[in-house]
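Below is a briefing on one structure, grouped by topic. Please read it alongside the sequence and the model.

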Amino acid sequence: MKNTHADIIIAGAGIAGVSAALAAARHGHKVILIEKYVVCGGLATAGNVLWYPPLCDGYGKQVIHGIADELLNMSLAYGPGNIDPDWKLNDSKARLMAHFTPAAFMLALFELLKGAKIDVWFDTIVTNTHLENNQLNSISVYNKSGTTHLSAHCFVDATGDADLAVASGAKIHVGQNRMNFWYLYTSLNAAKKAVSEDDASSLLRVKVVADPDPANHISMMSGVDGATTSQLVSRTHELALMHTKEKQAEHGRHNHFPAILPTMASTRMTRGIIGRSTIDGDDIWRERDDSVAIYPSTTNPAVRNQMWELPYGSLLPEKIDGLLMAGRCIDSRNWAWNDSRLINVVALTGEIAGTAAAMSVTKKCTPHTLTTEELRKTLRSKKHYCTFSDCYGTNWKDLAARFQPEQVDKTANGH
Ligand SMILES: Cc1cc2nc3c(=O)[nH]c(=O)nc-3n(C[C@H](O)[C@H](O)[C@H](O)COP(=O)(O)OP(=O)(O)OC[C@H]3O[C@@H](n4cnc5c(N)ncnc54)[C@H](O)[C@@H]3O)c2cc1C
C-alpha cells in the first residue's frame, strides 16, 4: 500500500469542500482534495441545482462575504445570467443571488482549485479512517491505483453524508429526504429562440420532478444507505423517462429532449454530526457564545429578517478530534438544517472549516483546541461578520424585533 502525507486533507469536492480547500491552501498549506466523481461542485453542479441563494439580508446589506461571494461571481464566469444590481436597494425584491449553468460552474471551480495549486484526486473514494485516542490521523482512499494511505495534521469532512465522521465512530443525527430532483431539457425551438433573441438563458430549462405517487416517496428515507440510494437513483431515471415520454407525445422528440440528468443521487439532509454545538429551528436571532459567522435564512428568498449565528462547535464532532465538518453534514437540525445546507451557507462553512484547519496546522494545535476568539480574529481580518453585532452594531436587536415567527415555513424543502 502506498503512503502520502499532506497538511490538510479534505474529502468531497462539493461547494463546501472546494471552499475549504481554497481557504486552507491560501494559508500556504499543502492540501489534498479527494473527490469520488470526476467533476467539482457536488450537488450544486452534478445535481443540477442551478440557484445560488442570496448573500444579502433582503434589506440591501451583504451579510456573507469571502469565498461564498467569490463563488457566487464565479458561478456566472463562463455561463449566461446576471446578478440584479437592485439587490442593494432597501425595498427591492431583488437579492444578491444568481442562477447559473452547472457545467460552466464546474469549470470555474476547477480553475480556482488549479490557481490555488490544490492537488485534486478525482475518481477516488474515501473508504476508511484510522484513529488513535479519538484523534483522526489518517484515511484510506481507493482509486484505479488501488488503496492509498493518506495522513494529515487535520481533515475536513465535506462528503455531504458525513462519511468520515461515520467511519470514525462519531455520533450522528439523520434527516428525512424528500423525493424530487432537477433535470435540464431543451428543444430545437428553444435553440432557435435563443439565437433569434441573442439570449442563451432560454436554451436550457429546468424540470423539477417530484414523485406523483406518495407511496413511492422512497427518498423520505431516514439518513442514507447503499440500497435506498440505488432505489432513489432508479426512481429518478424512471420519472425522467416518464416525463420525457409524456412531453414527446405532445411536442415530438425534436421539441422536447433531456439535456442533462443529475449524475449524483439527489439527496439533501441525510446525516449530520452531533457536534459540540447545535443550530436548531428556534435559534433564529439567538446569540451564540462560539459564533464565528452569520447567515440569512434563504430557503424562501421572499422572507427576510431571519438570521442565524453559526457556532464553531457545529463544525466539530463531539468526541473526534483532528476532524472538521463542512457543508450539509454539520450539526444543524430541523428547518435550521434546511437553510444551512444551501450552497451560499455550505460555501461559508467550507471556508470556516478550511481556515480553522489551516490555523490548527500553523499553531500546532487541533481544531478542538483552537479557540473561537483566535478563529474570529482571522475571519474578521478577511471582512467576515462573526456575530450579529459585527454586522449590525449594537442596534441589531431592532432588526431582530421585526422578525415574525409565523413567516417561517417549517416544511419548506423544495430547493
Ligand atoms: C434536487 C435538489 C435541488 C436543490 N436545489 C438547491 C438550490 O436551488 N439552491 C441551493 O442552494 N441548494 C439546493 N440544494 C441543496 C444543495 O445543492 C446541497 O445541499 C449543497 O450543494 C451541498 O453541498 P456540500 O458541498 O455540502 O455537499 P455535496 O454537494 O453533497 O458534495 C459532497 C461531495 O463529496 C463527494 N463525496 C461523497 N462521499 C465521498 C467519499 N466517501 N469519498 C470521496 N468523495 C466523496 C461527492 O461526490 C460530492 O462531490 C438542492 C439539493 C437537491 C438534491
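Aspartate 198 is exposed, with a relative accessible area of 72%; exposed means over 50% relative accessible area, buried under 20%, and partly exposed in between, with a 1.4 Å probe and protein chains only. This aspartate lies in the loop between α6 and β11 (205-210), where helices (H or I, at least four residues) and strands (E, at least two) are DSSP runs numbered from the N terminus. Aspartate 198 is not a glycine, yet its phi is positive, at about 50 degrees.

The model is predicted, so local features need pLDDT of at least 70 and side-chain atom pairs count only at pLDDT 80 or more, while totals for chains, interfaces and linings use all residues. Residues are numbered from 1 along each chain as its sequence is written, and side-chain values use heavy atoms, with hydrogens and water left out.

**Ligand site**

- The ligand sits in the largest pocket. A pocket is found on a 1 Å grid over the protein atoms alone, as an open set of points with protein on both sides within 12 Å along at least five of seven lines; lining residues have an atom within 4 Å of a point. To sit in a pocket, a molecule needs more than half of its atoms within 2 Å of the pocket's grid points.
- The ligand is surrounded by 36 residues, and the closest are Glu35, Leu43, Arg328, Arg341 and Ile343. A residue is near a molecule if one of its heavy atoms lies within 4 Å of it.
- At least two residues of the shell come from each of α1 (15-25), α2 (43-46), β6 (125-132), β10 (180-186) and α9 (343-363). Strand β10 gives the most, with three residues.
- A backbone N or O atom of valine 126 is 3.0 Å from a ligand nitrogen atom, and one of lysine 36 is 3.2 Å from a ligand nitrogen atom. For isoleucine 15, a backbone N or O atom lies 3.3 Å from a ligand oxygen atom.
- Of the 1000 Å² of accessible area that the ligand has on its own, the protein covers 99%. Accessible areas come from the Shrake-Rupley method with a 1.4 Å probe.

**Cysteines**

- There are zero disulfides in the structure, a disulfide being a pair of cysteine sulfur atoms within 2.5 Å.
- Cysteine 154 is in no disulfide, and the nearest cysteine sulfur, that of cysteine 365, is 8.7 Å away. Cysteine 154 has a relative accessible area of 0% and is therefore buried.
- Cysteine 329 is in no disulfide either; the nearest cysteine sulfur is that of cysteine 154, 15 Å away. Cysteine 329 counts as buried because its relative accessibility is 0%.

**Helix residues**

- Arginine 235 is placed in helix α7 (residues 226-251) and, at 13% relative accessibility, counts as buried. Its side chain is joined to that of aspartate 211 by a polar contact of 2.5 Å. A polar contact is a pair of N or O atoms within 3.5 Å; within protein, one must be able to donate a hydrogen and the other to accept it, and residues adjacent in sequence count only if both atoms are side-chain atoms.
- Lysine 193 belongs to helix α6 (residues 188-197) and counts as partly exposed, at 35% relative accessibility. Lysine 193 and arginine 205 are twelve residues apart in sequence, with 13 Å between their C-alpha atoms.
- Leucine 109, in helix α4 (residues 102-115), is buried at 0% relative accessibility. Between leucine 109 and leucine 71 the C-alpha distance is 7.8 Å, with the two 38 residues apart in sequence.
- Alanine 357 lies in helix α9 and is buried, with a relative accessible area of 0%. From isoleucine 10 it is 347 residues away in sequence and 9.8 Å away in space, C-alpha to C-alpha.

**Loop residues**

- Alanine 162 is found in the loop between β8 (146-157) and α5 (163-167). Phi of alanine 162 is positive, near 60 degrees, in a residue other than glycine. Alanine 162 is buried, with a relative accessible area of 0%.
- Aspartate 289 is in the loop between β13 (271-273) and β14 (291-296) and is exposed, with a relative accessible area of 77%. Aspartate 289 and threonine 299 are ten residues apart in sequence and 25 Å apart in space, C-alpha to C-alpha.

Key. 1 Å grid on protein atoms, 1.4 Å probe; cavity = no way out; pocket = protein on both sides within 12 Å on 5 of 7 lines; lining within 4 Å.
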